[in-house]
Amino acid sequence: MIGQHASNHRIVEAYVDGQLPRPARWVIATHLLFCAGCKHHAAVIRAIKRSLRSRVS
Ligand SMILES: [Zn+2]
């Protein structure tokens, strides 16, 4: 999966949500180390989720 991330953004979202089983989490965590695009996407998702959470409470 390292180096090919075109269809990975949904997986990255599941990773940020903590919904992936452990082997997949490890694969994505490794991918994020090498892929600036997915790393940025994960950061954006985290920021969105944080703002949604603070809006609810
Ligand atoms: Zn990627």
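A residue is called buried if 20 or more other C-beta atoms lie within 10 Å of its own, exposed if 12 or fewer, and partly exposed in between, with C-beta atoms placed from the backbone. By this count Trp26 is exposed, because it has 11 C-beta neighbours inside 10 Å. The structure is a predicted model, in which local features need pLDDT of at least 70 and side-chain atom pairs count only at pLDDT 80 or more, while totals for chains, interfaces and linings use all residues. Residue numbers start from 1 along each chain as its sequence is written.

Confidence comes first. The predictor's confidence in each residue, pLDDT, runs from 0 to 100. Its mean over the protein chain is 86, and 84% of the residues reach 70 or more. Helix H2 (residues 22-34) has the highest confidence, at 92, and helix H3 (residues 36-56) the lowest, at a mean of 90. Where pLDDT is low, the predicted coordinates should not be read in detail.

As for the overall fold, the protein chain holds 3 helices and 0 strands, and reads α-α-α along the sequence. Here helices (H or I, at least four residues) and strands (E, at least two) are DSSP runs, numbered from the N terminus. Of the 57 residues in the protein chain, 14% are buried.

The next topic is the core. A nonpolar core is a set of buried Ala, Val, Leu, Ile, Met, Phe, Trp, Tyr and Cys residues joined through C-beta atoms within 7 Å. The largest one has 7 residues: Val12, Tyr15, Ile28, Leu32, Cys35, Cys38 and Ala42. Helix H1 (9-17), H2 and H3 each contribute at least two residues to this core. Leaving aside residues up to four places away in sequence, Ala42 touches Val12, Tyr15, Val16 and Leu32.

Two further residues complete the picture. Ile45 sits in helix H3 and is partly exposed, because 17 C-beta neighbours lie inside 10 Å. With residues up to four places away in sequence not counted, Ile45 touches Val12, Glu13 and Val16. The C-alpha atoms of Ile45 and Val16 are 7.3 Å apart, although 29 residues separate the two in sequence.

How values were computed
Contact = placed C-beta atoms within 7 Å.
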